[in-house]
Each structure stands twice: as structure tokens, then as C-alpha cells.
Amino acid sequence: MKSIWNSFCSPGIATETIDELSGFNRIPRPMEIISHQLRAFILCSSLIILRISYRKQYIYSNAFYDMISLILRNEWGTQVELLQLHYFIEVARLEHVTEAAQSLHVTQSSLSKTIQRLEEDLGAPLFDRTGRRLRLNEFGSRFLQRAEKALFELEQGRQEIKDLLNLEQRTLELAVTAASKIPQILHEFRKKRPEIQFHVQMLATHEMALLLQRGEVDLCLSSPPVEAEEIESLIVHRDPILVAVPMGHRLATRASVSLTELKNEWFVGVKPGYGTRDLVDSACRLMGFVPQYVYEGDEPARLSALVEAEIGLAFMPSTARDVRDRIHYVAIEDHKLEREIALLWHKNRFLSQAAREFREVVTEYFAGEAKQQLEQINNPNNS
């Protein structure tokens, strides 16, 4: 075991490294941990984990074990520094030494030497050079994918540690397109975890997906679901679309109406890009007409007031009904028009304990909603 240890780093470096990494005053950024430090930390962990695992509970992600495997096998065959990877990724992004140096707040000569040393370590050029303009070659393009993944996994590890150390101080970042039940869901979550803070944004679907991919939000409640390779989408509710009409309207005495009967009506609604609006417009086009909107906005909650004021009719999800509104809701009879509400999160990013608990609250809440809807269908006289 001693010979294995000495092949990675000297005992002095190892001691200093573990002391630095285990300091609770600060979690180092990935770019600050160079390869000999990471090797020392992982080797120590791998040698003692069997000895201490039965005494305490330790949580490691799959990425942690992959990292141990990668470094112990020494697949790169060299001690590439993480700072080199960070510089390389920035140069690859900007394709210009001067601009990359300014972005990184380092001198051009320092940056050029770091990239040159990386290429020497790897034994291959990563860029095709034309003056100060650089363009990734085939070697560089392939290495970029690995470098980005390596730094991404280290950042996820940092987030896991930060979450474990600061669970009660973390803010849960949420984004929604389907906001009608958010107050009730947040109320349930706050009862369960009153110490967790949260921040909610109302966004269009494409904006939500972008923030999720960037890691700027933890969870999204979206209608429609988002289909993307890196996004996990869980359908939590199927919500029928109804037509909201003023109490004095000709349809106010009806229980249901066909879409074609609405051809000449005026409507109020949200702007295109919101799930319900796009779903309704598509269904109406299939029936041979386009709804005539006299109002288009970004606040779905305002639609009830506009309908009540007889400005127009509105297509509204069943979950958005408010019994206090002086509005009649009419079912659509010739078309199964319902929106899917989905809970979204990034497949590869670390999901905090708070986010996992919020996900449980959302699924439990909508399970209760579905049960209640079923009871209303089976017992219409009691609703």
C-alpha cells in the first residue's frame, strides 16, 4: 500500500493536500484543485472507505466512483492540471487568445504557455492556429468533451458537499409555466420544511428549459412537458381544458360545448409560447378556425377578471378554477383537450435534498388532485 501511495504523491504533499481539502471554512472551486491534490484525496478515500464505512454513513455519487476509477487507472497517462482544463475550455469557447486571457484575467503569455504545456502533456496539438485566432482540430474537439465532463462532475461534487453543509441555508430555485396550484404546493412544502427558502419564476417553456440546462433552476413545473436529452420529465397531472364564460353569456346555462360553436367568439388569453395557449390554438386549427383574441398577456391569473368583465371567453385549465369567481365553466365535448403538467429536472446535475423533498410534495399533491377529480366524476351530485 505504501508503494502505491508513493507512486501518486509524496507523504508531505498528501498531508498538506488533505488538510487543505478538509477545511470547513471554504469549499475550493474545481479550478483550484490541481491533479496531485485530487489524486491524494481520492487515494486516501479509496484506502480507508472500507475501514470506516460501517461506522458512519457516507454518501458518494456515481461520478465519485467513476473519478476514483479514472485516476487510479491513470487513463490520461499524465498529470493534467484542472487549471489547464479550465483555460483550455475558455480558449475553445472564444477561439481567440486575447479574448480568452481577458475573460480569465490572466496574461496572454501565461495563457499561451498553459495551453502549450497541456498539448505537450497530451502529446498532440489541440488547435489549428492562424495568428491569434485558434480553432479546435479533431484532437481538441474530442478532448473538449472529456474536459467539460470532468469539470462538470467536480462541480456537481462541490454542490453535493455544499448542500450537505448548508441544507438549511440554501434557496430552492423553481420555475413554472403552470402556476395555478403553486400557492397550495408551496404551502404544503413550507409545512414540511419551514426552514427552506424558495424563489419562483413564471416563465415560458423555452425559457424554463434554458435555465434548467444551465443549472440556474432546480426544478420546473411545466405544461407542456419539455423533451430534451438532458432533462427528466415526470407527468404529474392531466388537466382538462374548460371554457370560461361570463354568467350572462348564451353558453352560461350549458354543461358542454363543441369547439366549432366557439368559432365567432372573442377570447382573452396568454401569449403564444405558453402551453395551454399553444395546445388550444392547435386544436382549434384542426377544427378549421383560429380563435379571435382581444387580449393577450403574461398573467394567466388575470383571465378570470377579464371573463367576469365580459371582455371575452377564456380557455382555462380545470385546476385554475376558483369558486369565488362569478364565471361559468363549460366542458368541451367533441375534443379531448387536456394539458399535461410535468415536473422537470436535469438528469446529470446534482439534485439537493430540499429539491428531492419538494418533488415528493408535488407528486403527492397532484395524486390527491387526481383522486378528487375521479370522485367528482363518479359522484357528480356531490360536487
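1. Of the 383 residues in the protein, 41% are buried, where buried means under 20% relative accessible area, exposed over 50% and partly exposed in between, with a 1.4 Å probe and protein chains only. The model is a predicted one, in which local features need pLDDT of at least 70 and side-chain atom pairs count only at pLDDT 80 or more, while totals for chains, interfaces and linings use all residues. Residues are numbered from 1 along each chain as its sequence is written, and side-chain values use heavy atoms, with hydrogens and water left out.

2. The protein has 13 helices and twelve strands, these being DSSP runs numbered from the N terminus (helices H or I, at least four residues; strands E, at least two). Among its contacts with a separation of 6 or more, 74% join residues 24 or more positions apart, a contact meaning heavy atoms within 4.5 Å.

3. Helix H5 (residues 82-94) packs against helix H6 (residues 97-104) at an angle of about 130°, and their axes lie 9 Å apart; axes are lines fitted to C-alpha atoms, for helices over the stretch in contact, and angles run from 0 to 180 degrees between N-to-C directions. H5 and H6 are therefore oblique to each other, since angles under 35 degrees count as roughly parallel, over 145 as roughly antiparallel, 65 to 115 as roughly perpendicular and the rest as oblique. On the H5 side the contact involves His 86, Tyr 87, Glu 90, Val 91, Arg 93 and Leu 94, and on the H6 side Glu 99, Ala 100, Ser 103 and Leu 104.

4. The largest nonpolar core holds 24 residues, of which Phe 88, Val 91, Leu 111, Ile 115, Phe 127 and Phe 143 touch the most other members; such a core is a set of buried Ala, Val, Leu, Ile, Met, Phe, Trp, Tyr and Cys residues joined through side-chain atoms within 4.5 Å. At least two residues each come from H5, H6, helix H7 (108-122), strand E2 (133-136) and helix H8 (138-165), and H5 gives the most, with eight residues. A separate core of 23 residues includes Leu 186, Ile 196, Ile 341 and Val 361.

5. Phe 88, with neighbours within four places in sequence left aside, is in contact with Ile 115, Leu 118, Leu 126, Phe 127, Leu 136, Gly 140, Phe 143, Leu 144 and Ala 147.

6. Arg 135 belongs to strand E2 and, not counting residues up to four places away in sequence, touches Glu 95, Leu 126, Phe 127 and Asp 128. From C-alpha to C-alpha, Arg 135 and Val 91 are 9.1 Å apart in space, although 44 residues apart in sequence.
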